[in-house]
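Good morning, and thank you for the time.

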Number of protein chains: 2
Amino acid sequence: MQTKAVEDYLKAIYELQAEGGKVSTTSLSERLSVAPASVTGMAKKLAKMKLVVHEPYQGVELTPAGEKIALEVIRHHRLVESYLAEALGVPWDKVHEEADQWEHVLSEEMEDLMDDKLGYPTSDPHGAPIPARDGTMPKADLRRLSELEAGETAVIAEVSDHDAELLRYLGELGIFPHVEVRVISSAPFEGPVTIRINGDEHALGREVAGYILVGSLR
Amino acid sequence: MQTKAVEDYLKAIYELQAEGGKVSTTSLSERLSVAPASVTGMAKKLAKMKLVVHEPYQGVELTPAGEKIALEVIRHHRLVESYLAEALGVPWDKVHEEADQWEHVLSEEMEDLMDDKLGYPTSDPHGAPIPARDGTMPKADLRRLSELEAGETAVIAEVSDHDAELLRYLGELGIFPHVEVRVISSAPFEGPVTIRINGDEHALGREVAGYILVGSLR
DNA sequence: ACCAAAAATTAGGCTTGCCTAAATCTAGAA
DNA sequence: TTCTAGATTTAGGCAAGCCTAATTTTTGGT
């Protein structure tokens, strides 16, 4: 069993690694709200534990052992998110914060019971995939909503949960996973993307549209 | 917000205090599986925080402020126990251990949601009373099963949850809160107590019978 | 190719909470 | 009343993780 801190670092490294190779000290320090020096310290510790490879001044990268643990933590996190939303009716902009606490105290038995109750979900309330118990991560190929051309139609697949405020805003607009969306226009020069969803049209900032991942229809 | 350690100490002090005035360093060190010297250290810290009164060499006692926090922690603990048993079907000999972890990460919102789902229970799966949000603790006057005379009939009110093994044993015998029990005989010299419950007779060791609290019929 | 700014690491400290060993206090038995 | 065994506290340390300040390495612009 790992400490909370170790689990948090591994999860953060996994997630940052997904957006491009090695993970820098700075990006981790921002993600975890911790001083860069603290990250270096933990990087050395994790390296000694063989959970990451740490090339000084070059960043860290998970080893297979580290990735395994990261996926377990992420599975806990996303199952808890799903459970909170489904069973307790917690609004989707709050499940992330709660799950950040719960993920560290969830025993395997509780995890299994929640998984049973939920009917073995494969994605959380934000559409993020839930790793299977064996560490398999369902992988779809998705595009950012901001990359679609005018006229294209797609299905919302996943929404970034990094900002509760944003989730609340998207929720008001009806932007949830599994909902169909059509791009009406996409302004040039990093301009807004206008979409039609549930019969309504909305203009989204380019950055916001970048936080929304979509898959092809069907 | 208190640290996990502070919450654990306050809860333990509350529970030990219920069985007789001031709480000794030794009893706390045993309850928390910690060295006596560590207890002294924490006692001083809690005293400085005005959560306990610490008379050196004489033990500690909760202040009103300390008791308030203790009751909040106990409320969390027992609501979680109830929730786990009710909503997730966790067997009663396992809820305590899980709740010990969960009690520290439960936000007020989650507590309220669980409370709603459960219909505002007043006791946990072991029959222990759940403090109200305002800190009011329902108090019944109970006797130990070991104190009943032969021929007396009563209702199981509460069973000690300090030992999972014991709970499993009692569960097999059908000894749960709200079940009616009749004392058939009570052997002298600390001998066993024979009871009839659900139509079956069982002989219980005196110590075991002491862990079972009963209330009068009706 | 150089040099300054940015990034990362090292050095030194702090807090929390735990430990063991040694010293001190208390209380019960003789 | 005294003395000793048990309980408690003090003293000194350790591990995790965090911090700031100082130093070192990397990198991008000229």
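First, the conventions. This is a predicted model, in which local features need pLDDT of at least 70 and side-chain atom pairs count only at pLDDT 80 or more, while totals for chains, interfaces and linings use all residues. Residues are numbered from 1 along each chain as its sequence is written, chains are lettered from A and ligands numbered from 1 in the order in which they are written, and side-chain values use heavy atoms, with hydrogens and water left out.

Let us begin with the relation between the chains. In general, two copies of a chain are related by a rotation about an axis and a shift along it. Here, chain A is superposed on chain B by a rotation of 180° with 0.0 Å of shift along its axis, and the RMSD is 0.0 Å. The two copies are thus related as by a two-fold rotation axis. In chain A, the C-alpha nearest the axis belongs to Trp102(A), at 3.7 Å from it. For this superposition, least squares is applied to the C-alpha atoms of residues with pLDDT of at least 70 in both copies.

Now the interface itself. In contact (heavy atoms within 4.5 Å) are 18 residues of chain A and 18 residues of chain B. Since 100% of the interface residues of chain A are also interface residues in chain B, the copies meet through the same surface.

How much area do chain A and chain B bury between them? The value is about 1,600 Å², with 69% of it on carbon and sulfur atoms. Buried area is the accessible area, taken with a 1.4 Å probe, that two parts lose on being put together, summed over both.

Which elements give two or more residues to the side of chain A that touches chain B? They are helix 4 (64–88), helix 5 (95–102) and helix 6 (108–118) of chain A. Helix 6 of chain A gives the largest share, 5 residues. Helices here are DSSP runs of H or I with at least four residues, numbered from the N terminus. By type, this side of chain A has 11 nonpolar, 2 polar and 5 charged residues. In this grouping, Ala, Val, Leu, Ile, Met, Phe, Trp, Tyr, Cys and Pro are nonpolar, Asp, Glu, Lys and Arg are charged, and the others, Gly among them, are polar.

A word on charge. Side chains of opposite charge can pair when their charged atoms come close. A salt bridge is a side-chain nitrogen of Lys or Arg within 4 Å of a carboxyl oxygen of Asp or Glu. Over all chains the count is 27 salt bridges, whereas between chain A and chain B it is 0. One salt bridge joins Lys68(A) and Glu72(A), whose closest N and O atoms are 3.4 Å apart. Both residues lie in helix 4 of chain A, 4 residues apart, about one turn of the helix.

A residue is near a strand if one of its heavy atoms lies within 4 Å of it. Of the 20 residues around DNA strand C, Thr26(A), Thr40(A), Lys44(A), Thr3(B) and Lys45(B) come nearest. Sugar and phosphate make up 82% of the atoms of DNA strand C within 4 Å of the protein.

Several polar contacts may be pointed out, a polar contact being a pair of N or O atoms within 3.5 Å; within protein, one must be able to donate a hydrogen and the other to accept it, and residues adjacent in sequence count only if both atoms are side-chain atoms.

For DNA strand D, a polar backbone atom of Ala35(A) is 2.6 Å from a phosphate oxygen. Thank you for your attention.
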